[in-house]
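Please keep the sequence and the coordinates at hand while following the text.

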Amino acid sequence: MLVQQLINGISLGSIYALTAIGYSMVYGILELVNFSHGTILMVGAFLYYIFNIILGINGFLAFILSLLVTGMLGVIVEKLTLKPLRVHKLPKFTALICTIGISIFIQNAMMLIMGPQSRGYPMLFDNQMFTLGGVKISVMQLFITSTSIGLMVLLTLIIKKTKIGMAMRATAQNADAASTMGIPVNNIVSLVFFIGSTLAAVAGIFSCINFRKIDVYVGVTIGVKTFAATVLGGIGDLGGAVLGGLVIGIVETFTATYFGSGIRDMVAFIVLIIILVFKPTGLLGKAIQKKV
Amino acid sequence: MQKEKGYNMKKAVAVIVMILFIISLFSGCSSQATTTTTTSSMNTTSSNATSGSASITTTSKVKEIYFAVIGPLTGNGAQYGESYKNATTLKVNEINAKGGINGATIKLDFFDDKNDAKEAANVAQLVASNKKYLAVLGPFSSTACLAAAPIFADSGMLQFIPTASHADITLKYKHTIRQTNTMQVESPYVAYTAIKKLGKTKIAVIYANNDAGIATKDNFVAGVSKYGGEMVAVEAFNQDETNDFIPILNKVLAKKPELIHVTGTYTDIGTMLAQSAQLDTKSISFLCPGTVYTPDFLNIAGKQSEGVYINTAFFADNPDPKVAEFVKNYKVVSGGKAPDMFAAATYDSMAILLDVLSKGSLEISRSAYKDAVLATKSWDGVSGKSTYDINRDVNKSMITLKVVDGKFVVAPQN
């Protein structure tokens, strides 16, 4: 039972981790908490549904297509709404409020198109179960967890080892200085939104496969929890985002099993508060010196 | 310069936040104030109405009668609001097509409570204070009904409740009547179905942690002990927040139940069943309330819906010709969507309202109309035969359905 729940927790946590990376990347570069992230996630999940079920495109092709379209949506949203604010050097909270507005707009637009009801979600492939030392693991769980880990490793490599990654880190440190050094800051920001939105789409599709249903509210719950996960791990730090996601996922699963499902979210947030009391920057976050 | 601008900005934000706080404080007070003023104005209204009705009879004839319908037209219960809208519209269209009631056209106004108690109370204020509405139908959920009922109670208006099944509503509020079985009637019958009809003894219940869910659970647990069953697990989930039902199912399955009674919306139950695919549930029967009697449930639960038992008052393939006609006409209004039990109960509610209206004077006052509707004793509608007790609670006959090959059929155990 214990190991079984640990595995369930990890597979839930790796979905949170994928979403948390998106939050963390945008914050790392723009110092902006992107509240539209959860909604983008929902759109990504719906696109897969639309491509696969309504348009009848083959599963994996639909998967790739929805990632690309969601990534483009992230870029377009950034160009249309956040870039003008950035160019005029408006305060950060303006952009934050703007992301809340975007989120409400997209969610309601999606509700007009798809309606409020829940729908059954298509599986990527047949869900087979196998038993390993008395513990039941589904192929889907394995696929979700390994894809999540793979994407995290790939992303870390890109950021740490490539030239584009270096440009991202430079933009994160000081956008003005980076732009004087010839780094196309706007393109880098677009790229970050593209990657973040793509990851959100992956997380959205996986979580809907995991929960086996989709509705326009799917992003709201996941959005709040992964935001908590991001803060818990240390916002702006990719490793922290992953760790935070896993912690929230495991804590939630264990609480639901051993204490009762009614208090699962409460316990997850209590853990967040306790960690923030003892380590205000999150588990892996470093104290940032504010330029005054 | 830059710095000063930032400082001013902060100051401006602080001022805005303070203004918002102050406004919210005042609005809190004023909404209470409106409650009291509405109450007093309503008292005068009802006396006006009684004295006014005498003068109206001598002057002109009433051309239009308005009813207010409150339901979740948007938000997470919007599909139920749609059922409300379609069912009431269908009934009213049928009546108006025949020339209305004694020459008067019936008009409906729809109000959106977003399936939220606060919104329901706001909307109730709006409806109660508007004299043109003779009576109100709704809201949909028990929680919203409990929020709206005190406001309608003060206004002396009839509140017809098609679908909310919490016992307190009719018990506390004497201006209400309903068209769905309460948990006191339904849940013990579900327990009876599980133990006597299906022959299971080790029973578990998974319920939604809200007004309706808790009442269902309490009455079900009492019913199980009454009929000699054994409760092995009682588990709650938070509606709208829980997406992952695996931990709950794991916990319940560890207690080895023979039958699990699941409450909640069809989305909750469908999701839970779909997720049970990765668990070993072959030897376990699921028994669900009538909420899941909809094709959407089969769509969400998929193969896992096979063999699920459902207790419901409304069954669309009922051989009764008036049910068949209702289903046919409903599909025209709804654009092809088959009616669920909520639509059927709402249709019957509207039918009772209009039936009472057709028997009396059109110049009837709110309170006289209320008393006339509350005196209803029985109704033979599309959602089964209803008989009303002295608490204005309905007792509707129910049947048990089973999902076989992706279709709802009458269970052989009936």
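**Cores, interface and local geometry**

The largest nonpolar core has 78 residues, and those with the most contacts inside it are Phe67(B), Phe297(B) and Tyr369(B). A nonpolar core is here a set of buried Ala, Val, Leu, Ile, Met, Phe, Trp, Tyr and Cys residues joined through side-chain atoms within 4.5 Å. Buried means under 20% relative accessible area, exposed means over 50%, and partly exposed is in between (1.4 Å probe, protein chains only). Helix 12 (residues 341-359) of chain B contributes the largest share of this core, 11 residues. Helices (H or I, at least four residues) and strands (E, at least two) are DSSP runs, numbered from the N terminus.

This is a predicted model, in which local features need pLDDT of at least 70 and side-chain atom pairs count only at pLDDT 80 or more, while totals for chains, interfaces and linings use all residues; side-chain values use heavy atoms, with hydrogens and water left out. Residues are numbered from 1 along each chain as its sequence is written, and chains are lettered from A and ligands numbered from 1 in the order in which they are written.

Not counting residues up to four places away in sequence, Tyr369(B) touches Phe67(B), Leu134(B), Ala135(B), Leu158(B), Leu353(B), Leu354(B), Val356(B), Leu357(B) and Ile364(B), where contact means heavy atoms within 4.5 Å.

Chain A gives 34 residues to the contact and chain B gives 30 residues. The size of an interface is often given as the accessible area lost when the parts come together. Chain A and chain B bury about 2,600 Å² between them, and 53% of that area is on carbon and sulfur atoms; buried area is the accessible area (1.4 Å probe) that two parts lose on being put together, summed over both. Of the area that chain A buries against chain B, 20% is supplied by Phe211(A), Arg212(A) and Lys213(A), more than by any other three residues.

Helix 1 (residues 2-30) of chain A and helix 9 (residues 218-233) of chain A pack at an angle of about 70 degrees, with their axes 8 Å apart. Axes are lines fitted to C-alpha atoms, for helices over the stretch in contact, and angles run from 0 to 180 degrees between N-to-C directions. Helix 1 of chain A and helix 9 of chain A are therefore roughly perpendicular to each other, a term that covers angles of 65 to 115 degrees. On the side of helix 1 of chain A, Tyr16(A), Thr19(A), Ala20(A), Tyr23(A) and Ser24(A) take part, and they meet Ile222(A), Gly223(A), Lys225(A), Thr226(A), Phe227(A) and Thr230(A) in helix 9 of chain A. The residues of this contact comprise five nonpolar, five polar and one charged; Ala, Val, Leu, Ile, Met, Phe, Trp, Tyr, Cys and Pro count as nonpolar, Asp, Glu, Lys and Arg as charged, and the others, Gly among them, as polar.

Chain B contains 13 helices and 15 strands, and 53% of its 414 residues count as buried. Among contacts in chain B between residues at least 6 apart in sequence, 70% join residues at least 24 apart. Thr182(B) lies in the loop between strand 5 (176-178) and helix 6 (183-197) of chain B. With a relative accessible area of 2%, Thr182(B) is buried. Leaving aside neighbours within four places in sequence, Thr182(B) is in contact with Ser165(B), Ala167(B) and Asp393(B).

Most residues other than glycine have a negative phi, and most peptide bonds are trans. A cis peptide bond, with omega about -5 degrees, joins Gly138(B) and Pro139(B). Pro139(B) is placed in the loop between strand 3 (133-137) and helix 4 (142-155) of chain B. Asn102(B), a residue other than glycine, has a positive phi near 50 degrees and is found in the loop between helix 2 and strand 2 (105-112) of chain B. Asn102(B) is partly exposed, with a relative accessible area of 45%. Asn115(B), which is not a glycine, has a positive phi of about 55 degrees. Asn115(B) is found in the loop between strand 2 and helix 3 (117-128) of chain B, and is partly exposed at a relative accessible area of 27%.

Note on methods:
Angles under 35 degrees count as roughly parallel, over 145 as roughly antiparallel, 65 to 115 as roughly perpendicular and the rest as oblique.
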